[in-house]
Amino acid sequence: MAQKSKGRKQAPAYSADLLALRMVAGLALTALGVLIFLAVNLRMTGNIFEGLRRVSFGLCGSLGKILAILPLWAGILVIWSSQRKAPVQPWLYGTLCFIVLSAFIMLISGNAMDHLSRQYGGTWGGVIAGAFQDCAGTGTGGGAVGVALAWPLWRFLGSVLGIILTFLLLLFSALMIFGLTPVRLWELVTGKAGRRKEEQQRQRAASEQEQMAWQQEQARQQALWQQQEQARILAQQQGTYAPAAGRPPVNGNPNRAPAGRNASVEAWQDQMTARMAADQTAAVAPGGWLSRIFHAAPQETAEKETPHRSRIFGRQKEEYDGLSDGSTLAPDAGEQAARQLREEHERRTRRTATGEPIGRPETRWTQGQDRFGRHPEEPRIEPQETGSPAPAAETGPTAGKPAAETEPAAAGRPAAKIHPRPETENPPPAAQDTDALAEELRSRWPDPKKKETRKAPEKRAEPPAVPNVQMTVGVEAYQPAVKLPRKAGPEGAEAPEAEEPWTPTPYYAPPMTDLARPVQGKEDTAAEDEMRSRRLEETLSSFRVTSRVVHVTHGPAISRFELELASGTKVNKVAELEKDIAYGMEATSVRIEAPIPGKSLVGVEVPNRKVSTVTLREVLESEKMQSASSILTVALGKDIAGNPIVCDLARMPHMLIAGQTGSGKSVCINTIINSLLFRASPDEVKMILVDPKVVELQCYNNIPHLLIPVVNDPHKAAAALAWAVAEMMERYDRFAERKVRNLDGYNAVIGPQEKPMSRIVIIIDELADLMMVCKKDVEEYICRLTQLARAAGIHLIVATQRPSVDVITGLIKANIPSRIAFKTSSAVDSRTILDRGGADQLLGWGDMLYLPTGSFAPVRVQGCFLSDEEVNRIAAHVRSANPSTYDPDVLEKLQAISGAAEEAGPDLITGLGDAPGGDGSLFDQAVEYAVNDGQISTSTLQRRLKIGYARAGRLTDEMEERGIIAAKDGSKPRKCLITREEWEEMKKTAEGGA
């Protein structure tokens, strides 16, 4: 897609095809300009150059030498327009200037117009042709282009007025090429253009000065506010860090006195506050860093610290400032700026007396900590001073721990040691300081999105015993609840799970207004039918066949003349005169139906001189379609008599559509799909569309009726058919459980909490491409579906443009009784589709022979016409009015089938892997893989156990029922919920019960 620019000349984004077309057209125009230059200016030899030279001089006369400029200019503009909007207006005015200049040359060329008028008859066309011949030979004058404009001016206005008018037009077009409009010229003459430019520059400079002043004011206010906040924080720290009387020694060390405030530390912090205020004041100085309210990064960035990573899963966590109570560790996007400001504030102000920054406490996870509470012996963090040496031996409970459990101190960060503290111990001053500062920061740094006034922090009556640092650092890892086998009740029965009743998804069908209206009214064709009836009788009489026309049926595209033959006349004699009748009636082709089924008459079908278009809207609004009860009733078109023809896919139950290219197969498929969109909801009918040609059915992507996206790859199409076979067998298993025979019976006996089973319509737009790539699999899948899928509610529609025996094999034909034949190239193809001739005599453009199940003779139908605009409009309406999500279960199964086609194919088709019994060892092996890897999927079981998809899917379902693995989450592998010890315990329990 072409990129859209942000400037004023913004061009729309083009598709890849349109972009390539523009590039080709631009190159063609450029090549034409180069050829004209070579032929006219360089006088190259050759037939092509001679012809171009003659055409150039004949069209433009003496201006033919500069004619190459126009196509070269146009080619450059077309190529340019593929990336951005090209300046087409100068080229148009340049072309107009060229034409007017040619006319001006003809008008000032003496008596040239008189000579052309006298010699070539005085007509406009004759004068133009004569001027082309004369100028092509001499290379002078204005050529045919100039005469085309000059002759009417000379004829009606005269030479003088014509010259004046052309001169004015020439001057106007020449000025417009450079954008010199009358208003622009007047501003240049009066000097308003210069004054306007100066005024714009002054306004721009004033706006920049106002912006700079506003930025400085904002930076000054920000610095002042931060200085006030720093003073409050320092005051709070002084009150918090004051030693409390009667407290036990810090960290349980009796020889160490409580740390108080140091005057040197306070002086250093005041100095850092003043320095920060000075930095904030110089925020907008040249070369300085911008204010944070404009989200600009400073030039001197701080050293990038190593991001904290969780010790459990290795996932990167957010930075921790050492003061937060946990509420700011996982904020939304609106708190991001405030958190960054707090972190930098802490990095710049909180330092030790030696000048080293105070590091953040590190996360320590204890094994005894529960999910919501805390361990009775909670560890706490004691920062170790860098200047004091470490003690020789530890007397606390951590002395016996190995060195691997002690984490090394980071660069610039003091080491932290963990000491357990009894529950009765009072909190140390450091803990109180941390908690108080965290509360202060939460109250004084509000959410930037919330426009609330800052309130004074509420004083807490008693700080918590332990700071929240230990339990809030990091995001708690996901720990799925282990789903163990449910315990049986007193009588051994399991408690049933409560299921919510299924509610249908509302479906908003597209309105009829999206379809084109039918042509109102019918013309009176009685006189035409009478004349053609007489001609048909005379043609047959000339071949000694006595007959008379007893009835004429005038349809949308075909008229059928019903002949009654004289006694003793053979019916075959009329059939043999097919080409003679077409010759006598001046028709392109004639189809003879001898005799008409159910009548003692012979039908002669002759194309109409004027074909009427059959729209989908008039068939959908017909009484026959409205009264149909089946949701799978689709519209096909109208027969010869003009009656609407509809078909029920549930009774077909499958259909074969064939015909040559351009005969109307794709339009017929679009008609079927759109009929289903108008009548059925996604809960009632699901579709799988296979489009190897890529261009026909792509517009239906993301409609709610699709189970999967439109399939383009032949191998994925074979996998989709394999999934349909597996779905069919699974549905028959459900039918057997409910003791019903078909889908309607199953939907009638299910409860209100269960989802009804939907019908599935599989449409293949081009079977020949699938048979060429994977013939064996596709043919086998189609045969299985056409033989067994009727009761399961799965219906197959297959279309092909190559109706040969290697594509439409005998097995496929035997299992698809309903056929639609469009125009074919030969009678052999017609017999392949319909087992009889006639399709080779059709007209094309939707003319079809429809042979439904149980019919003895095909019906000639004029198919509904559905334009691309209507199809796109309906698909867009369905997508916008209804939510569309593909079935993740089907996508997962298709991916598994595609990845292991060689292994899954025979097991899925023949059902050898579905035999009961013998799965005990496979189940144990599957659980072993799940426990070892921590996850399992159906495709993994297929590869490792060398089984088919059906058996692997059954094993995963059984493991899920026993609580060994989690439920499916899209196409992701399922997590294992038990450990090795729990699995061994389950096996022992099973062996003991056995």
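Analyst: What follows goes from the nonpolar cores to a cysteine and then to one helix.

The model is predicted. Start with the largest nonpolar core, which has 56 residues. Trp 723, Ile 762, Ile 764, Val 778 and Leu 785 touch the most other members. Helix H21, residues 714–738, gives the most to this core: eleven residues.

Look at Leu 785 in detail. Leaving out residues up to four places away in sequence, Leu 785 touches His 654, Leu 721, Ala 724, Val 725, Met 728, Ile 762 and Ile 794.

There is a second, separate core of 51 residues. Among its members are Ala 635, Val 646, Cys 647 and Ile 673.

The whole structure has zero of them. For Cys 647, the nearest cysteine sulfur belongs to Cys 668 and is 8.0 Å away. A disulfide needs the two sulfur atoms within 2.5 Å, so Cys 647 is in no disulfide. Cys 647 counts as buried because its relative accessibility is 2%, and the cut-off is under 20%.

Now take helix H26, residues 827–834. Its buried residues are Asp 829, Ser 830, Thr 832, Ile 833 and Leu 834. Down the axis of H26, they fall within an arc of 165°, so they line one face of the helix. Just after H26 comes Asp 835, with a positive phi of about 65°.

Conventions:
Residues numbered from 1 in each chain as written. Predicted model: local features only at pLDDT ≥ 70, side-chain atom pairs only at ≥ 80, totals over all residues. Heavy atoms only, no water. Buried < 20%, exposed > 50% of the residue type's maximum accessible area, 1.4 Å probe, protein only. Helix = DSSP H or I, 4+ residues; strand = E, 2+ residues; numbered from the N terminus. Arc of directions from axis to C-beta. Core = buried A, V, L, I, M, F, W, Y, C linked by side-chain atoms within 4.5 Å. Contact = heavy atoms within 4.5 Å.
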